[in-house]
Structures are given as C-alpha cells and as structure tokens.
Amino acid sequence: MKGRHRPMDTDWWRTAVIYQIYPRSFADSGGDGIGDLAGITGRLDHLVDLGVDAVWISPFYRSPMRDFGYDVSDHRAVDPLFGDLDDFRRLLGEAHRRGLRVLVDLVPNHTSSDHPWFQESAEGRDSARRDWYVWRDPAPGGGPPNNWLSVFGGGPAWTFDERSGQYYLHSFLPSMPDLNWRNPAVEQAMFDVVRFWLDLGVDGFRVDCAHFVMKDPLLRDNPPAAQGAQAMHRPYGAYDEQVHVHDKGHADVHAVYRRLRALLDSYTGGSSRIAIGEVHVFDWEEWAGYYGAELDELHIPFNFGLLRAKWDAAEVTELVRAVEQALPPGAWPNWVVGNHDEPRVASRLGAAQARVAMLLTLTLRGTPTLYYGDELGLPDAHVPPHLAQDPWARTAAGLGLGRDPQRSPMLWHNAPNAGFTADTATPWLPLAADPATHSVAAQWDRPGSMLLFTRSALHLRRSLPALHRGDQRLLDALPDGVVGYVRYAGRTAALVLLNLTGSEIRVSRKVLDGLRGFEELLGHVLHTVLSTVDRPAGRVEWPLLLRGNEGLVLVPPAAADGSATGGSGAVEAAEDGG
C-alpha cells in the first residue's frame with residue numbers, strides 16, 4: 001500500500017471520486033456471513049490502489065434492521081452486527097492514514113419505531129416528545145388525515161394508534177415514523193447527532209431522503225398524477241398515481257440545509273466537512289435549488305439523471321446540457337450511475353456499455369460516485385424468492401422493486417464465498433457472479449478486465465487537470481449514437497468520445513470545427529490515452545472509426561507523453577494525486 005498526500009483544501013470534494021460501500025456486503029471479518037466495519041478496514045488498500053479519494057459508508061447504526069439500517073434506533077451507536085464504536089474509530093483512523101476521507105449516512109427524515117424518541121412520543125398525547133413526530137387526528141369522516149402514500153408499497157402513509165386515537169406519519173415502512181422537523185427540538189437533536197460524528201472526525205455526510213424532511217404544514221392532499229404519468233419512469237405502483245408536491249420538498253427545507261451548512265462550516269481545520277443530499281428530483285431547476293442561491297446549502301445534491309435517462313446519445317447529451325444550465329453560478333455538478341437502490345449498471349446496460357458508462361462518469365465535469373463492485377462489472381445477483389431480504393420487495397409484491405440483487409456480496413478472490421466471508425459461512429445474499437472471472441484477484445492484472453480499465457480511468461483522471469477540475473464543452477453535430485465533449489483547464493485539454501451503441505461509427509474531425517478557441521489546445525494531432533476496447537495508445541487518424549461500445553479519451557501529444565502505457569490505454573498514476 002502506497003501512502004498518498006491528503007491535501008487540506010476546502011473544496012477537496014470537487015476533484016474527488018467517492019466510493020459507496022454497503023457495509024453488509026463489502027467484507028465480513030467475523031464469519032457470520034454479514035459484512036462489518038473491521039472487514040472494511042481490512043480492505044481499504046483496495047480503495048487506495050483503485051484510486052478513489054473518499055468512501056461513503058451506508059448506515060451501520062444500531063437498528064432492528066427492518067430496512068437494513070435506515071431504521072435507526074440509536075444514532076450514536078454501531079449495531080453489533082457491524083462491530084462497535086472502537087471498530088469505527090479504527091476504520092476512520094486507517095482511512096485517514098491512507099489519505100481517504102470518510103462520509104457516513106445521516107438519516108434525518110425518520111427513525112425506527114424502536115427509537116427511544118418514538119417510544120416516548122407514542123406514550124400518549126401529553127408525552128413530552130409527542131410533537132417530535134407527526135401525529136394527527138383522523139379525517140372528519142374517519143380514516144387517515146390525508147391521501148399521502150408510503151413509498152414502500154403505495155399504501156397509506158399513516159398508521160392508526162389505538163391507544164391515543166391518532167395516526168402517525170411514515171413515508172416508508174410503518175416501523176419508520178417520520179420526524180417532525182417543524183419542531184426546533186428535533187432539529188437540535190439531529191444536529192447534535194451531526195456534531196457527534198464530526199467530533200469523531202468524519203469528513204461529511206450523505207443525507208438520506210434529503211428532500212423529505214419538510215412537508216406541507218397544512219398536510220394538504222396530493223393531487224392525482226396525469227393519466228399515464230406513472231408509467232413514464234420506473235413504476236412504483238400506487239405511489240406513482242399522485243404528484244408528490246405536499247408530502248416532501250416543501251420550500252422550508254432550504255432553511256434547514258442552510259443551518260446544517262453553517263454547522264458544517266463551523267468545523268475548521270483547513271478541510272471542509274461536506275453534505276451530499278439524496279434528492280430524487282428530476283426538475284433540474286428545482287434540484288439545483290438544493291445548492292442554495294448563495295451555494296450555502298448542500299455541497300452536492302445527488303444527480304440521479306443517468307439512472308433514469310434512456311441510454312441514448314441524444315438524451316444523455318441533453319441531460320448533461322440541462323444539468324449544467326440549471327447550476328447556480330459557481331456550483332459543481334456530480335454524476336451517479338449506480339447505488340444500493342438501483343439495478344447495477346452492468347445489468348441495465350450490459351457489460352460492454354458498463355465500461356462506457358464508467359468512462360462517462362469519470363470524465364464528465366463534476367464529482368463522480370462509484371458503487372462498490374461496479375469496478376468489477378458485477379451484475380445483479382439472482383435472488384430466489386425464499387432468499388429475499390428487502391422489505392420493499394415484500395411490500396410491493398409484483399412490482400419488481402426488490403433491491404437485493406444489487407446488494408450482493410463483493411467478490412475478492414476465487415473461493416467458495418469469494419473471500420467475502422469464511423468458506424464455511426453462508427453469505428446473507430447469494431453471490432452475483434463467478435469469482436473465477438469477476439473477483440478482484442481474478443481481474444487485478446488481467447488484460448481487458450473491468451477492474452484494470454477502471455483503475456486506469458481513475459489514474460488518468462487524477463493525472464490530467466482537465467479531467468478532474470476542468471471546464472467542459474459539449475460537442476454538437478456528432479453522428480447519431482455518439483456523446484462527445486472537451487474538458488479543459490488552463491492550457492491543457494482532453495477530447496472524450498463515447499459510442500453508446502454496439503455498431504461502428506465513423507467520426508470526422510469536422511466535429512471539432514465549431515470549437516472556437518480550442519484549436520491551439522487540441523491541435524491537429526491527438527493521441528489515444530484510454531479506450532474501453534483494445535485500442536493501442538498512440539496517434540489517431542481522421543476520420544476516426546469508433547468501434548462498437550468504444551469510449552475514447554484523446555489528448556495532444558504533449559499530454560500523452562509519459563501517460564499512456566499501451567494496450568487498452570492503461571496509464572500511470574500520479575503519486576501526489578495530480
């Protein structure tokens with residue numbers, strides 16, 4: 001393991017690559033078939049060698065695990081499944097020693113019904129913590145107070161409490177009651193949780209369901225969706241039959257994040273503590289509002305556009321354009337192609353286009369987030385019904401919403417359980433692929449492997465300022481099926497061309513003719529430094545024949561010198577992080 005310089009700059013997150021770990025599935029040190037914090041610590045060198053900069057760890061807090069940790073019963077304790085606080089401290093210290101920053105989940109919208117706060121709140125209408133959650137009388141004619149629906153299953157988002165004669169609100173499972181963020185005591189308590197983890201030394205938070213925390217104070221009914229609108233994107237059943245304008249995303253949420261940002265900014269030491277918000281908003285002007293007009297809210301509201309976009313060059317290009325145009329002045333974009341809630345990219349797009357998607361994510365302007373296992377091209381696992389774990393699959397039967405397939409264990413080497421857990425243990429979910437072909441050990445130095453390609457792409461990104469901090473110009477008039485853009489910083493530039501089809505496409509150098517001011521930066525001779533297929537490094541000839549499923553990074557000769565090592569564009573890593 002090589003140590004890396006950890007620059008103490010206030011905007012480190014702009015040039016960083018973030019790697020998400022689902023802790024149940026990364027590495028099991030205890031032999032019980034469930035991943036844990038010590039397992040993560042033991043595999044940190046993989047992240048250093050890969051070339052990422054920060055790790056985001058999904059929830060590991062004490063929880064009854066009805067939603068696998070997103071139902072928190074103690075925000076300041078590690079669930080025994082994953083270890084204890086000392087295990088987390090060791091993980092944090094070892095990560096920092098290697099130059100890796102650590103982000104943890106903050107789950108502000110709800111708690112577990114087992115949380116002491118809710119237990120006290122449910123004691124009766126006169127409880128001191130009654131108003132910490134959203135309790136309401138039945139509607140005048142009986143039944144729930146309004147028509148709001150649960151994301152999980154699409155049933156009412158209200159559960160009746162026989163003892164008090166009132167309903168409580170839960171946007172997800174009935175065992176996950178929503179906190180009432182209009183009560184200042186709730187904000188103070190949750191901000192104290194933030195301080196607890198900041199004082200331990202974490203570098204920031206991924207904020208779960210960030211746009212849910214403020215609802216319409218009048219609890220008005222949601223209007224019905226336009227006919228057929230629920231079929232436009234991924235179907236959520238009855239939940240999609242409404243326009244969710246009152247049960248989340250109220251304008252008052254922005255004041256909450258301004259106060260959170262002020263808290264994060266109060267922690268000095270030369271390196272900013274950051275907040276990345278899970279914001280499932282696809283109106284880009286509304287989404288961009290979570291940066292704050294003065295860039296004083298979330299550092300990054302996650303951009304999930306690539307998870308919903310049709311894998312079509314025209315649509316992807318228009319998405320990139322729309323996101324860039326919506327950004328407030330000075331805001332920094334970000335890109336996501338996979339996470340623990342979505343089918344894996346290799347299953348959505350196929351193995352060949354998964355490489356193209358990886359190159360797109362790592363070369364677009366912005367901060368990329370990678371999902372564990374995508375560097376191996378892991379597909380979704382086959383999880384038979386009798387092994388299903390996800391509560392969403394059980395509450396939304398027949399809708400195909402189970403998230404188990406994308407949460408399968410990481411594959412480390414060729415062994416019965418792929419090195420994820422002891423050979424004699426039973427992993428909590430089935431493996432997704434054959435470790436003889438898809439494990440880290442199998443792909444480490446195998447020419448053409450997804451891991452070798454991903455490592456090369458990350459090292460190239462680190463070594464070229466144009467790719468990790470540069471500006472961007474989209475190319476127009478490209479052949480159908482091709483996405484293209486120029487990244488540039490100072491006097492350096494790189495041209496990225498991505499074939500989103502399986503067919504060969506001829507690209508003329510005339511596509512660069514409209515790029516005023518780039519003639520000197522790009523010159524007339526360009527060299528390949530990275531390709532998703534087996535294209536040798538070196539000078540390209542125009543017209544350029546892009547092979548099916550090929551993505552290319554091209555640079556002027558001076559930038560190529562000392563970077564390309566041949567083959568499929570493997571490059572040398574910059575030891576100081578570029």
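**View 1. The lining of the largest cavity holds four nonpolar, six polar and three charged residues.** Here Ala, Val, Leu, Ile, Met, Phe, Trp, Tyr, Cys and Pro count as nonpolar, Asp, Glu, Lys and Arg as charged, and the others, Gly among them, as polar. The model is a predicted one, in which local features need pLDDT of at least 70 and side-chain atom pairs count only at pLDDT 80 or more, while totals for chains, interfaces and linings use all residues. Residues are numbered from 1 along each chain as its sequence is written, and side-chain values use heavy atoms, with hydrogens and water left out. The structure holds four cavities of 30 Å³ or more. A cavity is a set of points, on a 1 Å grid over the protein atoms alone, where a 1.4 Å probe fits but cannot get out; lining residues have an atom within 4 Å of a point. The largest cavity contains about 70 Å³ of space, a volume being the space filled by probe spheres set on the points. It is lined by 13 residues, and W56, R206, F304, N339 and H340 are the closest to its centre.

**View 2. Helix α6 (residues 184–200) packs with helix α7 (residues 253–265).** Helices are DSSP runs (H or I, at least four residues), numbered from the N terminus. The axes, lines fitted to C-alpha atoms over the stretch in contact, are 11 Å apart, at an angle of about 30 degrees. Angles run from 0 to 180 degrees between N-to-C directions. α6 and α7 are therefore roughly parallel, a term for angles under 35 degrees. Their crossing is right-handed, that is, the near helix is turned clockwise from the far one by less than a right angle. E187, F191, V194, R195 and L198 of α6 meet V256, R259, L260, L263 and L264 of α7; contact means heavy atoms within 4.5 Å. This contact has seven nonpolar, no polar and three charged residues.

**View 3. Helix α4 (residues 85–97) crosses α6 at roughly 55 degrees.** Their axes come within 11 Å. L85, F88, R89 and L92 of α4 touch F196, W197 and L200 of α6.

**View 4. Helix α12 (residues 351–363) packs with helix α16 (residues 450–463) at about 15 degrees.** The two axes are 10 Å apart. α12 and α16 are therefore roughly parallel to each other, and their crossing is right-handed.

Methods. 1 Å grid on protein atoms, 1.4 Å probe; cavity = no way out; pocket = protein on both sides within 12 Å on 5 of 7 lines; lining within 4 Å. Helix = DSSP H or I, 4+ residues; strand = E, 2+ residues; numbered from the N terminus. Parallel < 35°, antiparallel > 145°, perpendicular 65-115°, else oblique.
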